[in-house]
Structures are given as structure tokens and as C-alpha cells.
Amino acid sequence: MNLEFATSSRVIFGRGEFKRVGDLAESLGKRALILVGKTSQQAAGNLERLQQMLRDKEIPSQILPIDCEPTVELIDALAASARAFRPEVIIAMGGGSVMDAGKAIGALLTNEGSALDYLEEVGAGKTIAHRPIPTIAIPTTAGTGSEVTKNAVLRSASKKKFKRSMRSPMLRPEIALVDPMLTVTAPAAVTAASGLDALTQLIESFVSRRSGILTDGLAREGLTLISSALEQAYFHPEDLDARDSVSMAALLSGMTLDNAGLGAVHGLASPIGAMFEAPHGVVCANLLPEITELNLAALEAEGNAKTLAKYTEIARILTGEPDGRHARLVTTLKLQRRTMHIPRLSSFGITKKDIPEILLGCRGGSMNTNPIYLSDDALAGALEEALKEKLPVEEAKA
Ligand SMILES: [Fe+2]
């Protein structure tokens, strides 16, 4: 058995652990750059608390807001403005976009050039040679797991549309500080979309070609935790037990995806996210049932008993039924996205006409670790299915 596993140097999890951020920042540097998202700025004075904790430690700080999925252009501009401040530690508090921005800016402050130079496939092939400014990643949504991953996803604001990763083991945040209480104020739609991103990540890394004993164990735990807790957190945002479970599941999904890779849902989500302003979690939630169905059919045709048994296990966990029927798994996933009012892809302007362009950009990366090869025709069929299902109008607007 050969395996390699890596994650952030330090992972701190628990209700109220946010109060340790002053001490943690002090252990890493004397000047702090704070990256903060829209929800964190508005929510329950978290930014004020953070600033106060830094003032108590006499750590000067500069705040940079991130209000959208980060683009190459934005990261270059923010890195330029941060350079004069000479931060020694970065605190990225927000969703995946904010944490990815923190990781990318931390790298650009110690490595020359534009963020574009370091992006996979579309960049100049530069590698991160110098250790980035250490980052404390503090998620305020439970989903991407970016607090422990080695990549930062950036998109392009220019005509040439892409969404690609800057990737290096040095990009992993020095400290992942996960306090489930910070997710309580996330809007319900964000709880649903980011939670379904975590669920997709757990499923895809569990059946991935690169899955192994360590990631399997973590994925099983994550799937068990999220199975009932996500809807509970969606409908009862103040339920801290549910928030604990979903935050832990999201953290585990970051560890598993970082080490085992993902699959066809994330392979397709990459070009869709570059072409349309659709939140990543919403895209994943829309594709997960149809891609699961497609994978199951292809694995059955191939007679891949080992991966089919993993899907049986997923079905058992998510449906709560001991026989773990694959068809029930697909129905459960469809029902879940409907129950949590996930907007359909068509509401972002995505139509059948876009399928060829989506397919052009979906190979490589996550698609390589999908448990089985899926042809363009097969993927096009699944995309058509995912675009077909319509919600009643009043439900979609809720
Ligand atoms: Fe994801």
C-alpha cells in the first residue's frame, strides 16, 4: 500500500475558537493583512471582533474586501496594494473565494510576477519558489474546504474566459481555524450551495481513482456527518450541532479533495464557472445527481465492482436504507437539491447551446480522477438532463 497525505500544518476546530485569532496571528507575524468577504463584514461584528483582537496584541492591520470570486486582475491589484503595507501574516476570513484570494496574494507577495504566471494550463508555467506569507484561513461558510487545500482558484475578467488553479504545497494555509459559530449567519442559500459543494467533494474524492485508505476514512466520516445535518442547518440555522457537523464535513472534504482529487462534477464546474456567474456550489448541486447516474451506468457496464461497492456505501449513508440502492441515491440527491431550493442552471442563462463549449474546457484536472472515463457524448447527455429538470416557479423564487 503506497500513499501520501498532506494537509495544513495546524487545524483548529470548535465553537468559539475564533477568539484565539489574536494569539495565533501573533505567533506568525507583526503586521496583519485581513481579507474579508461580504457576509463576514455584515455578520455579527466578526470583523470588528477580529480587529479588536489584533489591536489587543498591538498588531497593525490592513483590510482588503473580496466581494466576488477572485480574478487574476483583482489578485494582482490587491497584491500591489498590500505590498506597501508589508504584511507578515494574512488572515483570510470568508468563503472559498476569500480564502483562495488570501492564499494567492500571500504567494504573490513573496514571488514575482502576475497571478496568471502561476496558473495551471493557461499560465506561464512558473512555480512558487518562495514560501508565501503565512495565512490563517477562517471559513465563514461550510463548503469548499479551501482552509486546508494547496490550490487557489482564480478566474479571468478578460475576454478569454477561464477558471484555473494556482497550485503548490506551499499554498496550504499555515493555520486552518474552523469555528462553526461563524457559519450561523450565512444566508440559507449559501448554506445550501456550499454544503452541497462539500457533499460533492466528499463523494467525488471517495470514488476517485486516487482515493486511498486515509482519504476514504475521512470521506466516510464526512458523509455520515453531513447526511442529515445539512438540511437541518438549512432549515434551522441556529442549530449549532448541525453547524458543527456541516463545518467538520466541509473541512474533511477539503482534506480528501486535496489528496485524492475530484471527479466529473468538478471537471464540468470549472468551464461553467468561467463562462457564467453561477456560484460554484450551485453548479455542483445541479450536476451531482446526473453525473452520479452516469458514473453508475458506466461502472456497471465495465463491471467495476470495487467502485460500485463504494457507491453502495454512499447510498447507505445518504439514504439511511441498509440495502444502499444506487437508484435511491440518485433520487435522494435530486430531492435534496429541490428541498433546499437550489436554483437551476437555466436561471444563469445556461442552455443546451453552451454544451459544446463546456465540454471543450472540462478535460484535465478533476476529470482525470473520475472513477471511469466518460465520453463527450455521455457528458453532453448528462448536461442535457441537468438542464432539463425544472422547479415550479414559486419554489425557484423562494
Ligand atoms: Fe468544490
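A193 sits in helix α6, which spans residues 188-207; helices here are DSSP runs of H or I with at least four residues, strands are runs of E with at least two, and both are numbered from the N terminus. With a relative accessibility of 8%, A193 falls in the buried class, where buried stands for under 20% relative accessible area, exposed for over 50%, and partly exposed for what lies in between (1.4 Å probe, protein chains only). Along the sequence A193 and R337 are 144 residues apart, yet in space their C-alpha atoms are 8.9 Å apart. The model is a predicted one, so local features need pLDDT of at least 70 and side-chain atom pairs count only at pLDDT 80 or more, while totals for chains, interfaces and linings use all residues. Residues are numbered from 1 along each chain as its sequence is written, and side-chain values use heavy atoms, with hydrogens and water left out.

Now for the metal. The iron ion is held by D197 (OD), Q201 (OE1), H266 (NE2) and H280 (NE2), at 2.1 to 2.2 Å. Donors are N, O and S atoms within 2.8 Å of the metal (3.2 Å for Na, K and Ca), and water is not among the atoms, so sites may look incomplete. Along the chain, the spacing of these donors reads D-x3-Q-x64-H-x13-H. The two histidines link distant parts of the chain: H266 belongs to helix α9 (residues 264-275) and H280 to helix α10 (residues 280-302), 14 residues apart. What geometry does the site of the iron ion have? The angles among its four donor atoms run from 81 to 156°, and the site is irregular.

Is H266 buried or exposed? H266 is buried, because its relative accessibility is 9%. H280, by contrast, is partly exposed at 22%.

On to the charged pairs. A salt bridge means a side-chain nitrogen of Lys or Arg within 4 Å of a carboxyl oxygen of Asp or Glu, and the count comes to 23 salt bridges. One of them joins K388 to E385, with the closest N and O atoms 2.8 Å apart. Both K388 and E385 lie in helix α14, three residues apart, or about one turn of the helix. E385 is partly exposed at 38% relative accessible area. Elsewhere, salt bridges with shared partners tie E69, R155, K163 and E277 into one network.

K352 pairs with E384, where the closest N and O atoms are 3.9 Å apart. This pair links distant parts of the chain, with K352 in the loop between α12 (326-339) and α13 (355-360), and E384 in helix α14 (residues 376-388), 32 residues apart. K352 is exposed at 53%, whereas E384 is partly exposed at 33%. R20 and E17 also form a salt bridge, the closest N and O atoms being 3.2 Å apart. R20 is partly exposed at 29%, while E17 is buried at 18%.

The surface also carries a nonpolar patch, made up of M1, L3, I213 and L214, with about 460 Å² of accessible area together. Patches take residues with over 30% relative accessible area and no salt bridge, joining like charges within 9 Å and nonpolar side chains (Val, Leu, Ile, Met, Phe, Trp, Tyr) within 5 Å. The areas come from the Shrake-Rupley method with a 1.4 Å probe, and for residues only the protein chains shown count as cover. L3 lies in the segment before β1 (10-13) and is partly exposed at 44%.

Last, the backbone. Most residues other than glycine have a negative phi. R86, not a glycine, has a positive phi of about 50°; R86 lies in the loop between α4 (72-83) and β4 (89-94) and is exposed at 56%. H341 has a positive phi too, near 55°. H341 is in the loop between α12 and α13 and is partly exposed at 23%.

Definitions and conventions:
Tetrahedral: all angles 85-135°; square planar, octahedral: opposite > 155°, others 65-115°.
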